[in-house]
Structures are given as structure tokens and as C-alpha cells.
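Open the model in your viewer and keep the selection tool at hand. The stops below say what to select and what is there.

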Amino acid sequence: MKIDIILAGVGGQGILSIAATIGLAAVEAGLYLKQAEVHGMSQRGGDVQSHLRLSDKEIASDLIPFGKADMIISVEPMEGLRYLPYLKKDGWLITNTKPFINISNYPDEEKLMAEIKALPNHIALDADSVASELGSVKATNMVVLGAATPFINIDFEKLENAIRTLFGRKGEELVTLNLQAINTGRKFSMEAQK
Amino acid sequence: MQKLLLLGDEAIAQAGIDAGMSGIYAYPGTPSTEITEYVRASKEAREKGIVASWCANEKTAAETALGMSYAGRRTMTCMKHVGLNVAADAFINSSITGANGGIIFLVADDPSMHSSQNEQDSRFYGKFAMIPILEPSNQQEAYDMVHYGFDLSEKFRIPVMIRITTRLAHSRAGVVRKPSREQNKVGLPQNLRQFVLLPAIARKQYKMLVDLQPKFLQESEQSALNVYYEGEDKSMGIIACGLAYNYLMENFPERDIKYPVVKVSQYPLPENHIRRLYEECDSILVLEDGYPIVEEMLKGFLNLGKPIKGRLDGTIARTGELNPNNVGAGLGFVQEETLGIPSLLAPRPPSLCKGCPHIDSFLALNEALDKYARGRVFSDIGCYTLSALPPYESINTCVDMGASITMAKGAADAGLVPAVAVLGDSTFTHSGITGLLDAVNDKSNITVIILDNATTGMTGGQPSSALDKIEDICKGLGVEEEHIRVVKPLRKHHEENLQIFKEEIEYNGVSVIIPRRECIQTLNKRMREKFKEKAKAAGK
């Protein structure tokens, strides 16, 4: 068993919380894990990515080689596309469709969507809207993670447990919100595949 | 034993706590910051009474650590690669004084310059200082090396360098802890002149350092960190240093590598393994993250021996960090074609945060300088360096910590008037004070803008040594009181601030403007915590 995931987004969008959730679940599942993060200058509103590698065997490189990622999980539509060279030809792109616009030359949204839809395997959802409906746009990242869970070969319960552990310190309300978020995202994804 | 999921930086910090370290000293710098942060946040470290300090700069940090070593206790000082330039005087001379309590210089290099102005390789510094260097290939090794490093340091009474790179510093993996060790008791060096580097004593000490070199080599040759792996295909032998070993193995998913490999994680280079590899193989491929230091050593100036491949002959890219692909290409594996990046994508560089006080300062500065020709703003290292990019395009230099004031002075001396220096509060106390003293003593015609956001912002909001001290420091250095102007960088004060900027830029002499408003990131964090506490209190 081996899963290589690229997480993509803009600094501050919470990709490290996605990584931490999967990471914790992976540890509970007894898997090896390596996760390369971006700290420092890029976190100031720049593009950020994280390489997350899970395996039942020891992992060599902290970085995923080009063309080897099983999926890209992106909290922002343009950012997911930035890492396509890492994606396997038959890999999945799971992406939020709501753009985060903090640059003046952000590309045309329709053209962006066309690029996403041109990929054979993709799940695209407006995670911001889903999260807002659930109560807070802060849970957007967990909606996107939820949509990716059908492709992550770890017991869903373990992912839910990870959310309980990670957000437990911040209060029951946040735990409930994030659990709803991951479940809603998951449901969307399962239905999209039918 | 339960595995902890730790960043390389955190593994090193936890190892320090477990290995009987008594103090850790640093100035924040990506990718080394999280080490000291981890110790400062650790309850265990607090209970053990471990001192964990953010210092004014890397030099003060390194010297404080050396003082703790003098007093017999184990200590670590952490910095990014360019931070070692600042601490270089202490570092190089500490190899002559030697150590008493174990001392580790933890230096984090940044190949590919993710958050830095160069990709200098600290192994050169370690070689220059003639001390042992340890270079981990993974988080567990990084953890174990701190224990081993302290032992090595105390065995030979010598500082030890641990060199990591961004990728290891900021990558997480499972780490198993070792049992905790007691801290050393305070104890003076046996020879009370050991640390007195008067020429007569220094000559003896230096001789001792030279005499230790064969012992360091022997240690490297016998170290479990340096391994010779057999291989039947002798057409090529591979030397993989530190993290490079992982990228090599990634190219052999079944681990069926047929070439002999020497994995290097301790320097000086293990001559026994390297010599054997050279003798047995037709050619050598050197894989190392950073500069081609090992490659250059093997090749020599005249390159008369067997073919040595690596960064110098183009087998591996000359610059940038290693990865599985450039190492794979170096091994001769054809790199498969991958999906491309759609051409419509726009770059998304980092930018000043919404609500950042620097924005208001740069808008005022830009307008105040409108009537002069462009190209007269000398800046420094910090978030404000981002003002070089659109839409502000305010600054014209960024070289090293503190170079804003001194370069502005040099340009003003050359006749470029007005000349403006822009730096942050933390950078000012790191390395700006002495430059300002030069300018005051020479009555230079410069305007210094000290952006005071009450924190070290770029690295994530560590406390600033300058807090509440800037005006007093400037006064103490001799800046005229009426030319020390504090403003509040807010949009509603723009006109008023603009006037002050104009006045001080026109003033012929040293003037200091201090735009003062808290970093929006630390402010938000503080408010969130306050809100949480209030909610907690209300709940009870």
C-alpha cells in the first residue's frame, strides 16, 4: 500500500491541517509517513504545497517524483493545476472551485474550469459554499479533504478520529463542524462518481 | 515505543531536550526557526529548566552558547546558513578554544533559496573550522545525531556542526525517542586558559586542533553513520551525502541498486570507504545537496584520475536542491514525460498581508520620494523586502541583515542624496545599530526608517529584541532627538505621515522615522487567544 498526495493552496488556507489529519490517521493505521511542508516567506499569501507520502514500507524521499502522485488535493482551483507535473497520468485532481484572488492577473475562471474538466479523473466542488452552509467558511479545507477520502485507502473512521484529536483542544463546536465538513465532502465525491 | 510525528527541526529540538541540553540560543531564520520555537513551547523543557532564548543575532547566540559550554553544560545554537556568516567569528574561533560542555552548531542550509538570498553550503564552514560535521538523511537520524553530537563534542572537547537543509527541516516523519539523559553539572574547563586566545595560547590550541584531525577522521571511518554498501556493478560507485541518499534510493523502489554506494552522514569524509570505492569502481558519481564540495575534493584541481561525475560536469544540475528526478537523470534513467502546467496559470508570489502596517509606510515613502529620481531606497531582510514587488516597488536593495543603513550611508557619501534606509525593528537590533552609529559619527545625510511592528514577522512572530527600545537606542547613539519621529502607519494618518517623511528626507543629517503599529498576524493571533480565554472564563 502506497499513496502519494500533493496538497495545494495559498498560504493560510489550511493545507497543513489537511496534512495533519491524514498524517494522524496514517499513524493510527500503522503506516510510514513523510510529509514535506512549506514554511517561511511563501506562507505570506503565496502558493504553497505539501508532499504527503504514506506507505506500508519505509519511504525514501521526502519529495514525490514527477508523474508519481496518486492525487492532488487543492483548496484553490488554480493552485491544483500548478502541480500537474507531479500527477500520475491516471491520477485524481480533487479541487475546490472557489478562486482565491490576491493577484491582479488571475486567469479567466471559465478557462480554468475547462482545464480542470479536461482531466480524465477529477472532483471539483465549491467547498467554500458547502462550508458556509455548514456554518463556517473555515471548514473549507475539510470539505475538500472529505471529497478526497474515497481515494485515500485509510479507514474513514480513523480520519474522523484524527479530526476529533486535532480540533478537540479548540472546542466541541469546531469538532462537529469539521466532522460535518469531511462527511459532506465525502458524500459529494461518492455521488459524483456514480 | 510510540513514534512522534515530527518535523526535522522538531526532532532536533526534542533530541536536545532528551540529551541533557541545558540551553539553546538562536535568532529566528527559515528553515531553522522551529527548533528553538519547539523548545520554548515544550513543557518538558520548562520543567527541566532548559534555557531557550531568542537572541539579538546569531553571533550573540553562538557566543552565549559557547559561554554555557565553558561552564560545562550541553548547549546548542541554531541558525540558518547566512546566520552562520553573522556568527562566523565566534564559530571559527570556537574550534580553537574547543569546548567544555558539549556544544552543537545547528546550521540549516537552504538550497534552491526557498527563503534566502543564497544557497551557500555550511559544510565549507565546518571544514574551514576543522571540526566534525554531521549531516542527517532523515528525521530519526537527525534526532539520534544530537545525542551522538554531544558525545562527540565532549569526547574531543570540540564544537560539532550538524548541517541540515530546508527539506529535512520542514518535513515530518515518525521519530522514536531515546531515554532522557541528565544535564551536566556546572564545571569549569580543566585548563583555565583554554578559552584565552592570546596568540601564545592560541598557537598551542590551534596545534591541538590540527593534531585532532586524524582522530576526527578515524571517528568518521568507524562511524555507523558512514556506510559502504556492496554492489556488483563496478562501472560506477556512488557517494550519497545526507538527504541525497533518500533521492538515490527513491530511484530504486525495490532497493535493488547494483552499484556500490557510500552513504556519508559524518565528516571529515571517511577515507577508508571513499578510497575503496574509488579503487573498485571505474567512475564515481557524487550526490550532495548544496555545493559540489565532496566532488571538488575528489576531483582535485587537475582532475587526473578516474571520471568523477556530479554537479561540476553537469551530470546533476549545478544549482538548486536535489530531488528524485534530477538524481534519477544523473543515474541515467530516462525521465518520463509528465502532464504540463497549463499556460494560463499566473504566478502567485508572497505578498504583504492585508492590513499590514508596512503597506501604509511604503505608500507614504513612495509619495515622499515622488519628486526625486528612483533608485535610492536601501532595504533589508524581512517581510518588508516584499515591497520590492508590485504594486509598491519601493526598495532597491536587499543584501544582508543590517545592510540597509550602511549601504545608504555609502551611497550618500558617494553623493546620492537623499538616500533612505528601510529595515524592521528586529533587523535593527540584529545588525543595524552599529551602522547607525557610523552614520551619526560621520553626520551622514541619510534617513532611516525603522518599521516597528513589535515582532520578528517573516519567521512567524518571534519576540523582537528591539521592543520598546528603539528611540532610546537612537538617542543613545547620538541621533538628534528632534529627528527621531514616531508615526502611526494608518491610512487615516497618511497626509500627516507624508509630511513627516518629506521633512526628514529633506533634513541634511541623520534622521530616523519609526512607523509603529503591531504586525497584523501577531495582533490577530493575540486577539484569537484573548477571545478563547474570555470564552473559557465565561464557560466556567
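Start with the largest nonpolar core of this predicted model. The core has 207 residues. Select Ile239(B) and Leu287(B): these are the residues with the most contacts inside the core. In soluble globular proteins, nonpolar side chains tend to be buried together.

Now select helix H1 of chain A, residues 15–28. Nine residues of the core come from this helix, and that is the largest share.

Go back to Leu287(B) and ask which residues it touches, leaving aside those up to four places away in sequence. Ile238(B), Ile239(B), Ala240(B) and Cys241(B) are among them. Further contacts of Leu287(B) include Ala244(B), Tyr247(B) and Leu248(B), as well as Ile316(B), Leu322(B) and Val327(B).

Next, select two helices of chain B: H17, residues 425–441, and H18, residues 470–477. How far apart are the axes of H17(B) and H18(B)? The distance is 10 Å, and the helices pack at an angle of about 20 degrees. An angle under 35 degrees counts as roughly parallel, so H17(B) and H18(B) are roughly parallel to each other. Their crossing is right-handed.

To see where these two helices meet, show the residues on each side. From H17(B), select Asp425(B), Phe428(B), Ile433(B), Leu436(B), Leu437(B) and Val440(B). Their partners in H18(B) are Ile470(B), Ile473(B) and Leu477(B).

Now show the whole of chain B. Its elements are 20 helices and 19 strands. The radius of gyration of chain B is 26 Å, close to the 24 Å given by the globule rule for 540 residues, so chain B is as compact as a globular protein of that length. Its C-alpha atoms fill a box of roughly 75 × 65 × 65 Å along the principal axes. Of the 540 residues in chain B, 54% are buried. Among its contacts with a separation of 6 or more, 78% are between residues 24 or more positions apart.

Finish with chain A. Here there are seven helices and six strands. Followed from the N terminus, the order of elements in chain A is β-α-β-β-β-α-β-α-β-α-α-α-α. The radius of gyration of chain A is 16 Å, close to the 16 Å from the globule rule for 194 residues, so this chain is as compact as a globular protein of that length. The box filled by the C-alpha atoms of chain A is roughly 45 × 40 × 40 Å, taken along the principal axes. In chain A, 57% of the 194 residues count as buried.

Key. Residues are numbered from 1 along each chain as its sequence is written. Chains are lettered from A and ligands numbered from 1 in the order in which they are written. This is a predicted model: local features need pLDDT of at least 70, side-chain atom pairs count only at pLDDT 80 or more; totals for chains, interfaces and linings use all residues. Helices (H or I, at least four residues) and strands (E, at least two) are DSSP runs, numbered from the N terminus. The radius of gyration is taken over C-alpha atoms; the globule rule is 2.2 Å times the number of residues to the power 0.38. A residue is buried if 20 or more other C-beta atoms lie within 10 Å of its own, exposed if 12 or fewer, and partly exposed in between; C-beta atoms are placed from the backbone. A nonpolar core is a set of buried Ala, Val, Leu, Ile, Met, Phe, Trp, Tyr and Cys residues joined through C-beta atoms within 7 Å. Two residues are in contact if their C-beta atoms, placed from the backbone, lie within 7 Å. Axes are lines fitted to C-alpha atoms, for helices over the stretch in contact, and angles run from 0 to 180 degrees between N-to-C directions. Angles under 35 degrees count as roughly parallel, over 145 as roughly antiparallel, 65 to 115 as roughly perpendicular and the rest as oblique. A crossing is left-handed if the near helix is turned anticlockwise from the far one by less than a right angle, and right-handed if clockwise.
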